[in-house]
There are 2 protein chains.
Amino acid sequence: MAKDNQFVENIADIETDFPQWYTDVVIKTKLVDYGPVKGTMVIRPYGYAIWENIQKELDARFKATGHENAYFPLLIPMSFMTKEAEHVEGFAPEVAVVTHAGGGELPEPLCIRPTSETIIGNMYSKWLQSYRDLPIKMNQWANVMRWEKTTRPFLRTSEFLWQEGHTVHATEEEAIEETMKMLSVYQEFAENCLAIPVITGRKTDKEKFAGAVATYSIEAMMHDGKSLQSGTSHYLGQNFAKAFDIQFLDKDGEHKYGYTTSWGVSTRLIGAIIMTHGDARGLVLPPVVAPTQVVIVPIASKKPGVLETCREVKEQLAKAGIRVVLDETDNSPGWKFNEWEMKGVPVRLELGPRDIEAGKCLAFRRDECTKADMPLEGLVSSVEALLKDVQSNMLERARKRTQDRIVYANSVEELLDGVEKQNFVKAGWCGCRACEDRIKEETAASSRVIVEGETAETCVACGKKAEKVVIFARAY
Amino acid sequence: MAKDNQFVENIADIETDFPQWYTDVVIKTKLVDYGPVKGTMVIRPYGYAIWENIQKELDARFKATGHENAYFPLLIPMSFMTKEAEHVEGFAPEVAVVTHAGGGELPEPLCIRPTSETIIGNMYSKWLQSYRDLPIKMNQWANVMRWEKTTRPFLRTSEFLWQEGHTVHATEEEAIEETMKMLSVYQEFAENCLAIPVITGRKTDKEKFAGAVATYSIEAMMHDGKSLQSGTSHYLGQNFAKAFDIQFLDKDGEHKYGYTTSWGVSTRLIGAIIMTHGDARGLVLPPVVAPTQVVIVPIASKKPGVLETCREVKEQLAKAGIRVVLDETDNSPGWKFNEWEMKGVPVRLELGPRDIEAGKCLAFRRDECTKADMPLEGLVSSVEALLKDVQSNMLERARKRTQDRIVYANSVEELLDGVEKQNFVKAGWCGCRACEDRIKEETAASSRVIVEGETAETCVACGKKAEKVVIFARAY
């Protein structure tokens, strides 16, 4: 297809300047814009509609696994942050602080939540009395704030939207089970809704959440071979329970501390979609979360019957619950093709007088950028099947790319070579922080997850006995 | 029904101590709790589920009227607030200010949004180019913060959740039409979903939104005869367009300022539901937004077949989309009755061995606190019909109470007598601020709305010619 369009011309080349391609795409497709305060973003309707679809899918999964939504205050007393030692160390440098309100200085500075373990822990402590109250399983959809130096829309901004689940359990086993359960919910959601294959696993201590016993993450490979941590599930042990006195009277009459978990995903997932599936023409959106699933472009729209047929087709698809737009603007078909391709709409139907006469239309699929005839009879089921096929093809294609780009390294030099060739690199690791730091320093790759069920002979860095196999990659 | 229950015993008397009744009910039914920072609230799952139902209903109405959701930043540069003179005067005393972030002092203090006209105006100015871009019709679901001295859960808290719609139009007529359209959306929603009859009308200049040309509100009468402003729709003229340079190139080649509107409702609506419908036993929730619409209480649940039948009934109702709970706890039926009545569940089904044998159950309706037999055959449609009847009966009952309690006053003394007897009071008003202030001072009643299409001879305060008829009431 000719690339004679102003939009496509204006997108940087995806292979040679991926960062600029990303910026061009998110701005030009009106997913997002920069807010007036440095490091903030405005999520525009096209971007927010993706977030709404993400929310709908995830929220149903949270409720199906027995969680209830609630809402906790934005502002947290600074003293709460300091109750869990690792937690404050991790988050204090990034918090935004409210010192004045209602025309006067506050008795205690308040911080805008960077995450809510502390304030939720405080409330759970108040609510939890007996083992009968357990488990407590809540989730909140909220904005959070982490003051970052380097920002990029969706990937890292001072404020972002997310969900954070927080649970309390009577035993360690139950809390670990919850941690793993939510990790698997994230994985299933990422794969089936976002068409993003993810690698799951435990983080090293260096990379874990500040205050957690263990952090598990879903990691996805982006177009440029970098990894994006796309969601995390934390087993918090009794760390927060002890810091916030989350105790219950057990069956045996003893007061005991609960075991807690927390888990979250954010608007960062929109960045993951863009950077996993995007191509030279712009966005490629998975049908399940695409704001518009099908766009209809009339050809020779002034010819009798064309617009009427397009409107009928639109009605049929809309009635079947398909998110469909009919582009009736004055722009040329070619201009429309390019615009909707840049916006990543999964399926385009082109209807001209000859197509209508022949009882068909042309169906373009965005993932493969190919066209095929589609009969108007039985169109709804054909479109439904095509959307399904686009969704699964996108997942398989991304899965294949990820699998093809996992290599094994026996030395730091090989590891460097691997990540420079845009791979994820598996390597043995002795388990010590010094080796992890050295690898980061020499290759700019960080440990992403510890691989379960695999062993290696020696540590890639020090050559001593390997305790674990780790995936290293450069990361966002 | 015997009131021999710990819960009911613990609720203050609704007639003699309404404020304490309110506090008791919101806390004991676990709708809400106090947050650790003074003036903040935690919305617990039972309260948040009401908010989710409100959101679902409203969001569908906003989309059906052509609005798109978006998300704008929480933090607004202080300099934005001062660009619209009336706006800053109204909101500056209530803002919370962020002075430090990321470990250092900020170059400019940022305020936490008390409302978003300023930051959205700033973005609209950037996005709006041509008349082809108009109208712009966006909505956001967000948290906002207004530092209040006296707070009460849902009614007035430093942070609350709301939606705020913000639109730009090419002409004054279109903007006014939008303002009135959204007022009518709020009215229809309040009446059909919350069963709350509302009085709509324009606010006096004293009571209007800071920066608006005209504010319209939906006002509802609470159990104690006080008014609750439950939603507002503002026509902003070109005030914000000029302050934020929201201009477009019109068809005639001229650059022109747009006309803007804004409109919002908040978690305050949950307070409106509680105080409109609640009774001596606690909450009475309208079926459309009740988290649980039907509770099933087994009687003699250890008798063979009872629990099984209850579970079957639950399955049937759930399949039909009814939000149903089967109470299988060990508590006595009487305890369960009282608990679920306090929680305001619209319909309770009681099933014991004799009922089952007779092919029926007992259906209790919370609005009237009456019971009647209901055949198990065709139960789903019977329950659906009953829920519908509860919903409409709640609206009619509240409407009658409101209508019966609107009286007319010819003097400030009559006005005082009227509001003390828990009425809304209609009175002539000359239109001057001095009279409005005097009435407030002597009766503690404020003007709620200007009544359309009615005239009066003289002003209730000064006796001069009346310009308008106004409804006065004490208000939350």
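The following conversation asks what lies behind several descriptions of this predicted model.

User: What makes the radius of gyration of chain A agree with that of a compact globule?

Analyst: Chain A has 476 residues, and for that number a compact globule would have a radius of gyration near 23 Å; the value for chain A is 25 Å, which agrees. Along its principal axes, the C-alpha trace of chain A spans about 80 × 55 × 45 Å. In chain A 51% of the residues count as buried, and residues 24 or more positions apart make up 67% of the contacts with a separation of 6 or more.

User: Which residues does A:Gly359 touch, not counting residues up to four places away in sequence?

Analyst: A:Gly359 touches A:Pro375, A:Leu376 and A:Glu377 when residues up to four places away in sequence are not counted.

User: Why is strand 11 of chain B described as largely enclosed by the rest of the structure?

Analyst: A residue counts as buried if 20 or more other C-beta atoms lie within 10 Å of its own. Of the eleven residues of strand 11 (residues 227-237) of chain B, ten are buried, so this strand is largely enclosed by the rest of the structure.

User: What makes strand 11 of chain B a partner of strand 10 and of strand 14 of chain B?

Analyst: Two strands pair if at least two bridges are found between them. Strand 10 (residues 214-221) and strand 11 of chain B have eight bridges in the antiparallel sense, and B:Thr215 has B:His234 as its bridge partner in strand 11 of chain B. Five bridges join strand 11 to strand 14 (residues 259-266) of chain B, again with the strands running antiparallel, and B:Tyr235 has B:Thr261 as its bridge partner in strand 14 of chain B. Strands 10 and 11 of chain B also form a hairpin with five residues between them, where B:Gly225 in the turn has a positive phi of about 80°.

User: How do you know that strand 5 of chain A pairs with strand 5 of chain B?

Analyst: The requirement for pairing is at least two bridges, and five bridges join strand 5 of chain A to strand 5 (residues 96-101) of chain B, the two running antiparallel. Within this pairing, A:His100 stands opposite B:Val97. Strand 5 of chain A also pairs with strand 6 (residues 104-112) of chain A, in the antiparallel sense over four bridges, with A:Val98 opposite A:Leu110.

User: Why are strand 4 of chain A and strand 4 of chain B said to stand at the edges of their sheet?

Analyst: The open sheet has six strands in the order 4(A)-6(A)-5(A)-5(B)-6(B)-4(B), with antiparallel pairing. Strand 4 of chain A and strand 4 (75-77) of chain B each have a single partner strand, so one side of each is left without a neighbour in the sheet. On average, neighbouring strands of this sheet are turned by 45° against each other, direction ignored.

User: How many residues of chain A are in contact with chain B, and which strand gives the most to that side of chain A?

Analyst: There are 39 residues of chain A in contact with 39 residues of chain B, and strand 5 of chain A gives the most to this side of chain A, with six residues. The residues on the side of chain A that touches chain B divide into 24 nonpolar, nine polar and six charged.

User: What makes the pairing of strand 15 and strand 17 of chain B parallel or antiparallel, and in which sheet do they lie?

Analyst: Strand 15 (residues 294-298) and strand 17 (residues 347-351) of chain B pair in the parallel sense over five bridges, with B:Pro298 opposite B:Leu351. Both belong to an open sheet of five strands with the order 16-15-17-18-19 in chain B and mixed pairing.

Terms used:
Residues are numbered from 1 along each chain as its sequence is written. Chains are lettered from A and ligands numbered from 1 in the order in which they are written. This is a predicted model: local features need pLDDT of at least 70, side-chain atom pairs count only at pLDDT 80 or more; totals for chains, interfaces and linings use all residues. The radius of gyration is taken over C-alpha atoms; the globule rule is 2.2 Å times the number of residues to the power 0.38. A residue is buried if 20 or more other C-beta atoms lie within 10 Å of its own, exposed if 12 or fewer, and partly exposed in between; C-beta atoms are placed from the backbone. Two residues are in contact if their C-beta atoms, placed from the backbone, lie within 7 Å. Ala, Val, Leu, Ile, Met, Phe, Trp, Tyr, Cys and Pro count as nonpolar, Asp, Glu, Lys and Arg as charged, and the others, Gly among them, as polar. Axes are lines fitted to C-alpha atoms, for helices over the stretch in contact, and angles run from 0 to 180 degrees between N-to-C directions.
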